[in-house]
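Subject: Structure for you to look at

Hello,

Here is the structure I promised to pass on. Please open it next to this email, and my notes follow below it.

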Amino acid sequence: MIWDREAECMPEKQRQQLQLDRLKAIVSYAYENVPFYRKRFKDKKIKPEDINSLSDITKLPFTEKADLREGYPFGMFAVPRKEIIEIHTSSGTTGKPVVTGYTRRDIELWSQVMARALSMAGATSDDIIQNCYGYGLFTGGLGVHYGGQKIGATVVPISAGQTKRQIQIMTDFGTTILTSTPSYALYLAEAVNEEGLSRKVKLKAGVFGAEMWTERMRDELEKRFNLHALNIYGLTEIIGPGVAQECLEKTGLHIAEDYFYPEIISPETLEPLPEGQSGELVLTTLTREGMPMIRFRTKDITSLTRGVCKCGRTLVKMSRITGRSDDMIKIRGVIVFPSQIERALLEVKGVEPHYQIIITRPHHLDEIEVQVEVSQKMFSDEVKRLEEIRKKIEDKVESAIGLRVKVTLVEPKSIPRSEGKAKRVIDNRKL
Amino acid sequence: MKVKQISIFLENKKGHLLEVVDALGKAGVNIRALSIADTSEFGILRIIVPDPDSAKKALKKGGFTFNENDVIAVGVSDRPGGLAAALKILSENDINVEYLYAFVTKSEERAVVVLKTDDLDKSIKALKKSGISILQPKEVYSL
């Protein structure tokens with residue numbers, strides 16, 4: 001199913017022209033309507049007229065999350081507040097939340113890109129979408145809701161939790177599309193299995209996102225639910241979910257690049273990287289009215305691939321997010337992301353992603369210790385088995401990052417959990 | 001025939017063993033037999049208690065990592081060579097011992113050896129056939 005064939009399958013040249021027209025327009029719009037951008041542009045001695053090609057975008061300054069916090073609550077809006085018809089915020093685990101405001105046209109845009117995303121998962125007006133993303137300030141719930149309604153599908157706005165009820169609805173209503181975080185979907189799958197109801201589940205696709213996940217989790221979800229497990233990507237600052245979505249080919253997420261212009265930069269030099277190389281994703285909203293974002297640094301690490309997809313779309317594809325540039329650590333000159341270590345851990349059966357990375361430099365050489373909590377599932381009464389698991393984790397991590405690490409098994413809950421996000425890296429190097 | 005044993009993960013940190021034992025004590029769990037396997041980084045505490053369920057409840061409440069598994073308890077005569085006789089039978093039957101620990105009972109003239117092998121059922125059969133006494137769970141819990 002292709003929701004907007006003309007836009008999604010547009011020849012590359014034609015799309016570039018469209019992107020350039022929109023880029024020029026949004027840059028002058030932002031310059032004229034948001035004091036923050038005007039000041040930033042002036043600091044860099046840039047005027048909207050300086051943008052004459054897509055590559056000129058690199059002349060523009062970046063926007064970061066901190067800038068949005070500074071403008072809290074409505075400082076980044078480009079329209080009077082009364083034209084904003086909806087507001088969402090990010091979770092705000094560190095400091096003030098990030099606020100994003102939508103005009104009526106922005107909500108229409110959001111509905112469009114989400115309709116595209118759900119269509120990529122095969123959704124039509126015949127489908128029943130069980131939407132387990134949270135409704136409220138979080139963009140997940142309403143994003144799927146708007147997209148599902150746009151398509152004309154039947155949306156069940158259940159949010160997360162109440163597993164028994166989820167299963168009852170899934171089997172009684174005959175839900176065909178599940179939208180949730182992948183971890184909650186796995187949890188649901190287990191619960192369905194325990195109740196012996198797997199055969200009554202009619203799911204054909206799952207649209208999973210809002211957290212990092214792995215190919216292994218995809219296999220697991222597809223096996224347990226007998227569906228297509230697809231990746232969705234988005235962020236509050238840009239619009240919410242719907243920025244990119246995987247089609248049934250499962251070879252990357254198609255970015256709605258006619259609305260969100262992507263770049264990949266080196267998180268170190270901030271210079272653009274050639275196609276195919278892995279780096280930080282930077283996004284520019286090409287048509288947002290309420291809150292235009294110019295070169296927003298997502299901090300998400302991915303790579304872009306161009307070309308015509310087997311599904312027929314020409315929209316550029318981004319790979320699964322492999323890390324966060326603000327988590328990036330350099331060990332013995334090698335760039336390492338905690339998420340690489342996390343994925344390696346998840347490859348070992350029974351191991352849960354509760355870990356901490358401790359870096360020291362005892363003798364002029366960096367050493368990494370990975371402390372892993374011993375879960376009930378991986379624990380054994382035999383020393384031999386625990387040693388085997390420890391060794392296996394060391395091997396997996398080494399093959400993931402190319403460095404030998406020392407794995408230490410620790411008791412559960414010995415790794416401190418702060419509100420929401422755990423502190424993953426402790427750098428004790430004295431540099 | 002098989003006896004329930006509870007194993008608990010111990011991080012090598014000061015006071016961790018005390019925490020576990022304390023949690024069990026407060027829950028009124030009496031430890032019948034105990035052994036600790038230790039490596040340079042962690043240890044495994046293995047215990048046999050009369051009421052495994054209340055022990056598990058207490059451990060869960062305390063947030064410890066543990067599991068329950070089967071072992072066999074063999075009664076060997078409390079004299080030189082007593083243990084050797086039992087081990088010889090296992091060896092002859094090609095059974096590997098994963099670990100064992102022993103304790104001497106108060107009342108009787110025998111020692112009890114707790115055994116974990118790579119094949120418990122085969123071990124029980126072989127030991128029984130050779131006339132070595134295998135203790136019933138009830139006997140062990142009430143020692």
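R295(A) is partly exposed, because 19 other C-beta atoms lie within 10 Å. On this scale a residue is buried if 20 or more other C-beta atoms lie within 10 Å of its own, exposed if 12 or fewer, and partly exposed in between, with C-beta atoms placed from the backbone. The model is predicted: local features need pLDDT of at least 70, side-chain atom pairs count only at pLDDT 80 or more, and totals for chains, interfaces and linings use all residues. Residues are numbered from 1 along each chain as its sequence is written, while chains are lettered from A and ligands numbered from 1 in the order in which they are written.

R295(A) sits in the loop between β11 and β12 (296-302) of chain A. Its phi is near 50 degrees, a positive value in a residue other than glycine. Helices (H or I, at least four residues) and strands (E, at least two) are DSSP runs, numbered from the N terminus.

R69(A) lies 226 residues from R295(A) in sequence and 16 Å from it in space, C-alpha to C-alpha. R69(A) belongs to helix α4 (residues 65-70) of chain A and is partly exposed, because it has 18 C-beta neighbours inside 10 Å.

L270(A), in the loop between β10 (260-265) and β11 (279-285) of chain A, has a positive phi near 65 degrees and is a residue other than glycine. With 13 other C-beta atoms within 10 Å, L270(A) is partly exposed. The peptide bond from Y72(A) to P73(A) is cis, with omega near 0 degrees, and P73(A) is in the loop between α4 and β1 (86-89) of chain A.

Next, the helix pairs. Helix α5 (residues 104-120) and helix α6 (residues 139-151) of chain A have axes that come within 7 Å and cross at roughly 75 degrees. So α5(A) is roughly perpendicular to α6(A). Angles under 35 degrees count as roughly parallel, over 145 as roughly antiparallel, 65 to 115 as roughly perpendicular and the rest as oblique. Axes are lines fitted to C-alpha atoms, for helices over the stretch in contact, and angles run from 0 to 180 degrees between N-to-C directions. By class, the contact of α5(A) with α6(A) has nine nonpolar, six polar and one charged residues. Here Ala, Val, Leu, Ile, Met, Phe, Trp, Tyr, Cys and Pro count as nonpolar, Asp, Glu, Lys and Arg as charged, and the others, Gly among them, as polar.

Helix α10 (residues 338-346) and helix α11 (residues 383-401) of chain A pack at an angle of about 140 degrees, with their axes 9 Å apart. α10(A) is therefore oblique to α11(A). The residues of this contact divide into seven nonpolar, one polar and two charged.

Chain A is divided into domain 1 (1-326) and domain 2 (328-427), with bounds from an automatic or database domain assignment. Their C-alpha centres lie 31 Å apart.

How many residues of chain A are in contact with chain B? There are 14, and they meet 16 residues of chain B; two residues are in contact if their C-beta atoms, placed from the backbone, lie within 7 Å. Strand β20 (residues 406-410) gives the most to the chain A side, with three residues.

Regards
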